[in-house]
Amino acid sequence: MPNFCAAPNCTGKSTQSDMAFFRFPRDPERCRIWVENCRRAAFEAKTSDHLNKHYRLCAKHFDPAMVCKTSLYRTVLKDTAIPTIFDLTSHLNNPYNRHRKRIKELTEEDSRKIKERRLASIEQLASKKDGAVEDSLSTNEYEPQLSTEETEFRDHLRSLFEVVVMLVACKVSEAKHMSSNLQTLLDYRMNAGDEALRKRFQATAVNTEYLSATQQSQLLDVCENTVREEMLMEVRESRFFSLVTGDLVDFANEKHLPLFLRYVNQQNVLREEFLEFMSFDGDENALVERLEAQLTDRWGLSMEECRGQAHKATGTSTTKMKAVAVLLMQKYPLALHMPCSHMALNIHLANSLPFPNVQVVMETLRRVKVFLSTPFAQEELEKAIATHYQKNEEKGNTLKLACGSEWTEKHSVFDVLLDMLPPLLLCMDSIRDNNDGTFSDAVTADAYSITETLSDFEIIVTIIILKNVLTFTRAFGRNLQGETLDVFFAANSLTAVLHSLNEVNDNIDVYHKFWYEEAVSVADVMEIPVNVPRLFLRKQRAADAGEVHAEVYFKEYVTVPVIHGVMQEVEDMFSETNLKALKCLSLVPAVMGQMKFNTTEENYAEVYRTDLPSPDTLPAELNCWRIKWKHRGKEVRLPTTIHETLQLPDVKFFPNVNFFLKVLSALPALKLEDNKSDTASDRLQVYLDSMSSKQWNKSLAMLNVNAHVKHDLDVMVEKYCRLYPEDDPEAESEEVAEAESEEVAVAEAEAKSEEFAEAEAKSEEVAEEDAAMK
């Protein structure tokens, strides 16, 4: 909740600026002085504890000398600070303002008594704190004094961090390029007059590496941790969040899971930020433990406040991430497992089916997407489409438009793929022939591999089954990623979707017959033989089970598993709790208006009742919320989205509604309204696509994706000095002193050993002389 200043005629609040706010003191004597200076009549009857708990004053009511900034994120008052700067007259210019804070009118006698009490109290407080104040002023407690060497070292570090941040902004990614470019920029800054760098460089040996790989890694770690902490501060302030994971990324032949957090910040803006890559090693239980440790122990968050989770998994990782989601929901029931808004629902459903033939289709789609980004490949595909559909130019033109706009990631992907299969094979054959030598051997090899996969009748059948089954969820998924009103109606239409899927399942023989005939027709056009997979036939012969008809085989091993798998996944992803949460979208005024203000949010509020700020007043508050919009003026437009509703100035007077909207906005199934073209996942994908996998670097990826996050060089310098004290000048001087003392000790030991050897030699000579004389 934002802080509001309690001073008369002051409209300051914490959401408008970076102004610091201070509680009324608990000490009754100091608190009485604050109240007298405020001249708020209503405060005189309140206790100091009550004022301390519920009221604040902003920093502009205190003398600047009384306000101390102990760090970038913390501002405190001196112990004797008293507010003295107030506006007690501006309300006189607007006598009709009924909402101003009532100011107490003082008589001459009141003024005299207050002045006497104030002087006595100030003297008493000053005498108590006199010693502490003098010490703080003499030693400059809030800004510790640094030696000349420490100051120069910190200036040097600040220049280094500035250069590193500049390199990250320029998208430098490969480690060796980072090193060479860093040295070039350092040289440039020294030539431009950076004395801190010049002094440091001149003090190093000629053959010494100016900035080693270890130091570069340390600088990147500090930058990364500082940027991450800046984002985590916003997450902690927002309290509730959702966990989102992305596709696996390989670093040094180890799989890592990208972690994103979605939350609503203090400005009521929905954010989804990339935080870190986490190792994907181990089983599901190990991964859950690692996730909890990451969020709670390292980041200071509470999984009890996680309100949603979504996992954008593909391939073999899908099953593992589904198990992780189930384990997290068992521990934290309100961490609702939902589809990710970044992925079309039909693609998510297909990825979640753990059948080899379905996974081959999905992997082939990803390979086709990458292949078509090869130079001249898209042009070859468009030529093949024109050739195949020369008798139907309208459909050919439609298909050209469809295949040129990220068609592999859309809800209708399987419909487009089926129409594109013949021209796609024709395109691959043309690239394999490579008559004009346009394509490399590697590209022609990829074309051959894709052709072999798509020429398999089992893959043709699987594509057609997926296309027909997922037709029933296509409109539902499109609405789920639409506007707020579309999402609300999607949540209410799930029953119809499940009814359609059950109807298909009950009449599977009839549906499969039509779908199988469609597959045979497509195979005939593409001259692909209709047969049962060779591996299955070999097992049948080994078991002497007799001959199996192709239609029966594909019904048992493709159609039935796919329809059952899709039904189960839809039921899991949209459980009763999930639907109750989504139906709370009726709190958005445009949805209420569409429903003729006849909504029943109370029936769904039980999901979050324990989190509500005022659960007892919920029914009355919801009724007031409906009345407010139902009886609005004709010129007042109904807000259509959660974000637009949260930006309303009076939503804060409905604390329960405000809470619902913030939690709903953070659910991963809803689209990011303010970040349509530049999401954290998109920026991460751009980074990964811009270079080969051998050049990927986790720290640089994190910094590149979060280049928009503000950073403070002084904070980075402070962290570096705290984390790596061995690089501090004092530590270095101590090490030098220790080394010198060791050298002196060794020299003294050697001198003593030499003296002892000489003494022994002389004694032996004397003994020999005595023996000779005798």
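**Notes on a predicted model**

1. At a relative accessibility of 72%, Glu527 counts as exposed.

2. Lys596 can be read alongside it. Phi of Lys596 is near 60°, again a positive value in a residue that is not glycine. Where does Lys596 lie? Its place is the loop between helix H24 (589-594) and helix H25 (618-630). With 67% relative accessibility, Lys596 counts as exposed.

3. A further positive phi turns up at the end of a helix. Helix H1 (residues 28-38) is followed by Arg39, and the phi of Arg39 is positive, near 60°. The helix itself is mostly covered, with eight of its eleven residues buried. Those buried residues are Arg30, Cys31, Ile33, Trp34, Val35, Glu36, Asn37 and Cys38. You will notice charged residues in that list, Arg30 and Glu36 among them.

4. How many residues does the largest nonpolar core have? It has 121, and those with the most contacts inside it are Phe371, Trp407, Phe414, Val566, Phe574, Tyr608 and Phe660. Helix H14 (residues 413-433) gives this core its largest share, twelve residues. Another core, of 61 residues, lies apart from it and includes Phe153, Val249, Leu257 and Val705. As general background, nonpolar side chains in soluble globular proteins tend to be buried together.

5. Leaving aside neighbours within four places in sequence, Tyr608 is in contact with Arg307, Leu336, Ala581, Phe659, Phe660, Val663 and Leu667.

6. The place of Val443 is in helix H15 (residues 441-454), and Val443 is buried, with a relative accessible area of 12%. Val443 and Phe371 are 72 residues apart in sequence, yet their C-alpha atoms are 8.0 Å apart in space. Which residues does Val443 contact, once neighbours within four places in sequence are left aside? They are Phe371, Thr374 and Ile431.

7. Thr645 is a polar residue with no exposed surface to speak of: it is buried, at a relative accessible area of 0%. Thr645 is found in helix H26 (residues 642-646). With neighbours within four places in sequence left aside, its contacts are Val588, Pro589, Trp625, Pro639, Val651 and Leu661.

8. Two helix pairs are worth a look. Two packed helices are described by the angle between their axes and the distance between the axes. Helix H13 (residues 393-403) and H14 pack at an angle of about 110°, with their axes 11 Å apart. That makes H13 roughly perpendicular to H14. From H13, the contact is made by Lys395, Leu399, Ala402 and Cys403, and from H14 by Val416, Asp419, Met420 and Pro423. By class, the residues of this contact divide into six nonpolar, no polar and two charged.

9. The other pair is helix H10 (residues 345-352) and helix H11 (residues 356-372), whose axes come within 8 Å and cross at roughly 130°. H10 and H11 are therefore oblique to each other. Ile347, Ala350 and Asn351 of H10 make the contact with Val358, Gln359, Met362 and Arg366 of H11. The contact of H10 with H11 has four nonpolar, two polar and one charged residues.

10. Last, the cysteines. How many disulfides does a search of the whole structure find? The search finds zero. Cys58 is a case to check: the closest cysteine sulfur, in Cys5, is 3.6 Å from its own, too far for a bond, because a disulfide requires a pair of cysteine sulfur atoms within 2.5 Å. Cys58 is buried, with a relative accessible area of 1%. Cys584 is buried as well, with a relative accessible area of 1%.

Methods. Residues numbered from 1 in each chain as written. Predicted model: local features only at pLDDT ≥ 70, side-chain atom pairs only at ≥ 80, totals over all residues. Heavy atoms only, no water. Axes fitted to C-alpha atoms, helices over the stretch in contact; angles between N-to-C directions. Helix = DSSP H or I, 4+ residues; strand = E, 2+ residues; numbered from the N terminus. Parallel < 35°, antiparallel > 145°, perpendicular 65-115°, else oblique. Contact = heavy atoms within 4.5 Å. Buried < 20%, exposed > 50% of the residue type's maximum accessible area, 1.4 Å probe, protein only. Core = buried A, V, L, I, M, F, W, Y, C linked by side-chain atoms within 4.5 Å.
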